[in-house]
Amino acid sequence: MIRHLVLFKLNEGVERDDPRVVAGVEAFQALGGQIEELRFWECGWNVSDRPIAYDFAINSAVEDTDALKRYLEHPAHQAGVAQWREFATWVIADYEF
């Protein structure tokens, strides 16, 4: 199995209630039920107020690197990524477990 973690940082001046952010969150929340390759899916807002904390996280799992590739190329995933590019940056980690 491969864990796929993504941490998002909203751009300067962008708030959680921005309509673009709300739509982006809704798009990512829906992915768990749309992409067959996902074996585990959760996402949510950070609750820490530490300055080094990121704002939003995705924690997911897929069977193998081929499944990860299919997930990343899935149109629903690509649509969500396109939304988030407008208002955030992110870092990822993919590792076997």
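Trainee: Hi! What should I know about the model and its numbering before I look?

Mentor: Residues are numbered from 1 along each chain as its sequence is written, and since this is a predicted model, local features need pLDDT of at least 70 and side-chain atom pairs count only at pLDDT 80 or more, while totals for chains, interfaces and linings use all residues. Side-chain values use heavy atoms, with hydrogens and water left out.

Trainee: Okay, how many helices and strands are there?

Mentor: The protein chain has 3 helices and 4 strands. Helices (H or I, at least four residues) and strands (E, at least two) are DSSP runs, numbered from the N terminus. Along the sequence the pattern reads β-α-β-β-α-α-β.

Trainee: And what about its overall dimensions?

Mentor: The C-alpha trace spans about 35 × 25 × 15 Å along its principal axes. A compact globule with 97 residues would have a radius of gyration near 13 Å, and the protein chain agrees, with 13 Å. That radius is taken over C-alpha atoms, and the globule rule is 2.2 Å times the number of residues to the power 0.38.

Trainee: How much of the chain is buried?

Mentor: Buried residues make up 35% of the 97 residues. Buried means under 20% relative accessible area, exposed over 50%, and partly exposed in between (1.4 Å probe, protein chains only).

Trainee: Let's zoom in. What can you tell me about H1?

Mentor: Helix H1 covers residues 19-31, so to speak its 13 residues, and reaches 19 Å from its first C-alpha to its last, close to the 18 Å expected at 1.5 Å a residue. The expected span is 1.5 Å times one less than the number of residues. The buried residues of H1 are Val21, Gly24, Val25, Phe28 and Leu31. They cover an arc of only 115 degrees around the axis, which puts them on the same side of H1. The arc is that of the directions from the helix axis to the C-beta atoms.

Trainee: Why would residues a few places apart point the same way?

Mentor: An α-helix has 3.6 residues a turn, so residues three or four places apart point the same way. On the other side of H1, Pro19 and Glu26 are exposed.

Trainee: What covers the buried residues of H1?

Mentor: The cover includes strands S1 (2-10), S2 (40-45) and S3 (56-62), along with helices H2 (65-73) and H3 (75-85).

Trainee: Which residue caps the N-terminal end of H1?

Mentor: That is Asp18, with a side-chain oxygen 2.8 Å from the backbone nitrogen of Arg20.

Trainee: Moving on, which residues touch the most other members of the largest nonpolar core?

Mentor: Phe28 and Trp84 do, out of the 23 residues in that core. S1, H1, S3, H2 and H3 each supply at least two of the core's residues. A nonpolar core is a set of buried Ala, Val, Leu, Ile, Met, Phe, Trp, Tyr and Cys residues joined through side-chain atoms within 4.5 Å.

Trainee: What does Phe28 touch?

Mentor: Not counting residues up to four places away in sequence, Phe28 touches Phe8, Trp41, Cys43, Phe56, Ile58, His77, Gly80, Val81 and Trp84. Contact means heavy atoms within 4.5 Å.

Trainee: You mentioned His77. Where is it found?

Mentor: His77 is found in helix H3. His77 is buried, with a relative accessible area of 8%. The side chain of His77 reaches the backbone oxygen of Leu72 at 3.0 Å.

Trainee: Which other residues of H3 are buried along with His77?

Mentor: Ala76, Gly80, Val81 and Trp84 are buried too. Seen down the axis of H3, the buried residues fall within an arc of 135 degrees, so they line one face of the helix. Pro75 and Arg85 are exposed on the other side of H3.

Trainee: Last one: is His4 buried or exposed?

Mentor: His4 is buried, with a relative accessible area of 4%. His4 is found in strand S1, and a polar contact of 2.4 Å joins the side chains of His4 and Asp94. A polar contact is a pair of N or O atoms within 3.5 Å; within protein, one must be able to donate a hydrogen and the other to accept it, and residues adjacent in sequence count only if both atoms are side-chain atoms.
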